Amino acid sequence: MATVAAPKGRMVVFGASGFIGGRICKEAAKQGYAVVGLSRTGRTIPYSVAGGDALGSFEMKTGDAADTTTYADELKGASAVVVAIGAPPVPNFLYKGGKQEAMSSNGTACVRPLAAASKAGVPRVVLVNASMPSWLKYISSGYYTGKVMSESATSKYASGNPTSAVVLKPSVVFGTRHVGSMHFPIPLSIVFAPLRMVMRIPLVSNGMEWLRQLIPSLFGNFLVEPVHVDELARTAVFMASKNAGAKAIETLGPDEIVKNSHAKGLTQFVNAH
């Protein structure tokens with residue numbers, strides 16, 4: 001009779017029904033963690049997770065990030081928490097509740113789980129945030145303010161000993177999204193995979209770096225490579241399981257996310273799919 005290996009630890013993922021959160025759950029389960037995915041939408045296994053390896057160690061539960069009473073018990077004994085909650089960086093008027101809703105979706109919805117994790121004594125948290133150009137605050141002020149709130153809360157989390165935290169700040173995240181009840185695929189890789197290849201051409205790469213240095217207020221955190229969702233998921237799980245060492249808080253931008261996803265033999269390069 002085959003022996004089932006004990007889980008490496010218990011990882012709680014907020015935003016598990018989303019494009020990024022679902023992939024993080026799948027990757028964590030594949031790497032041998034007992035994973036609890038939390039989402040307002042209920043207990044149905046996300047399409048992005050279904051069919052993955054080691055689903056026996058994955059459990060989907062209902063939890064509203066804004067209401068800590070709906071998930072406080074799930075945080076007890078967790079070895080790490082990953083917060084992958086957010087809404088698109090669009091103008092405030094496109095949010096039903098305006099700027100306040102944008103701030104809540106990108107800020108409060110992340111801050112409250114972090115506070116609850118701190119109260120439960122979770123030793124390691126990872127926040128999936130975003131790399132943002134400074135001018136975005138004029139186009140999507142609610143989004144921008146919310147993301148800043150989330151990162152600030154993560155930094156405060158890391159000030160408690162022996163807790164530690166990681167902030168992941170990808171640029172555009174691509175892969176195949178599935179939308180609607182029929183899980184209609186939207187292959188973002190068709191656009192962003194070739195774009196990334198072009199951006200890696202030395203002449204183009206050097207030109208972008210020159211523009212970032214010349215006008216950082218315009219091109220800083222803007223002319224950067226897109227990140228594949230599987231690269232982001234691998235890095236999130238890797239950083240959630242990594243010992244903090246001397247660093248209480250670590251921040252990884254797009255380039256570092258890609259490098260970490262391929263470091264130490266985690267997996268081979270992800271082809272766009």
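**Note on the predicted model: sheet, crossover and salt bridges**

1. Seven strands make up an open sheet with parallel pairing, in the order E3-E2-E1-E4-E5-E6-E11. Strand E3 (58–62) and strand E11 (249–252) are the edge strands, each pairing on one side only. From one strand to the next the twist averages 15°. Strands (E, at least two residues) and helices (H or I, at least four) are DSSP runs numbered from the N terminus, and two strands pair if DSSP finds at least two bridges between them.

2. On the basis of the coordinates: this is a predicted model, in which local features need pLDDT of at least 70 and side-chain atom pairs count only at pLDDT 80 or more, while totals for chains, interfaces and linings use all residues. Residues are numbered from 1 along each chain as its sequence is written, and side-chain values use heavy atoms, with hydrogens and water left out.

3. Strand E1 (10–14) is largely enclosed by the rest of the structure, because four of its five residues are buried. Buried means under 20% relative accessible area, exposed over 50%, and partly exposed in between (1.4 Å probe, protein chains only). E1 is joined to strand E2 (residues 34–39) by five bridges, and the two run parallel. In this pairing Met11 stands opposite Val35 of E2. Between E1 and E2 the chain passes through helix H1 (residues 19–30), and this β-α-β crossover is right-handed. That is, with the strands pointing away from the viewer, the path from the first strand over the helix to the second runs clockwise.

4. E1 also pairs with E4, in the parallel sense, over four bridges. Here the bridge partner of Met11 is Ala80 in E4. Strand E4 (residues 80–83) is in turn joined to strand E5 (residues 124–128) by three bridges, again running parallel. Val81 stands opposite Val125 in E5. Helix H3 (residues 98–120) packs on the sheet and touches E1, E4 and E5; its direction makes about 175° with that of E4. Contact means heavy atoms within 4.5 Å; axes are lines fitted to C-alpha atoms, for helices over the stretch in contact, and angles run from 0 to 180 degrees between N-to-C directions.

5. How many salt bridges are there? The count comes to 11, a salt bridge being a side-chain nitrogen of Lys or Arg within 4 Å of a carboxyl oxygen of Asp or Glu. Asp230 forms one with Arg23, with the closest N and O atoms 2.6 Å apart. This pair links distant parts of the chain, Asp230 in helix H9 (residues 229–241) and Arg23 in helix H1, 207 residues apart. Asp230 and Arg23 are both buried.

6. Arg196 and Glu231 meet through their side chains in a salt bridge (2.9 Å, N to O). Arg196 lies in helix H6 (residues 189–199) and Glu231 in helix H9, so the pair ties together parts that are 35 residues apart in sequence. Both residues, Arg196 and Glu231, are buried.

7. A further salt bridge joins the side chains of Arg200 and Glu225 (3.0 Å, N to O). Arg200 is partly exposed, with a relative accessible area of 37%, whereas Glu225 counts as buried at 16%. Elsewhere, Arg10, Glu59, Lys61 and Glu74 are linked in a network of salt bridges.

8. On cysteines: the structure holds zero disulfides, a disulfide being a pair of cysteine sulfur atoms within 2.5 Å. Cys25 counts as buried, at 0% relative accessibility. Cys110 is buried, with a relative accessible area of 1%.
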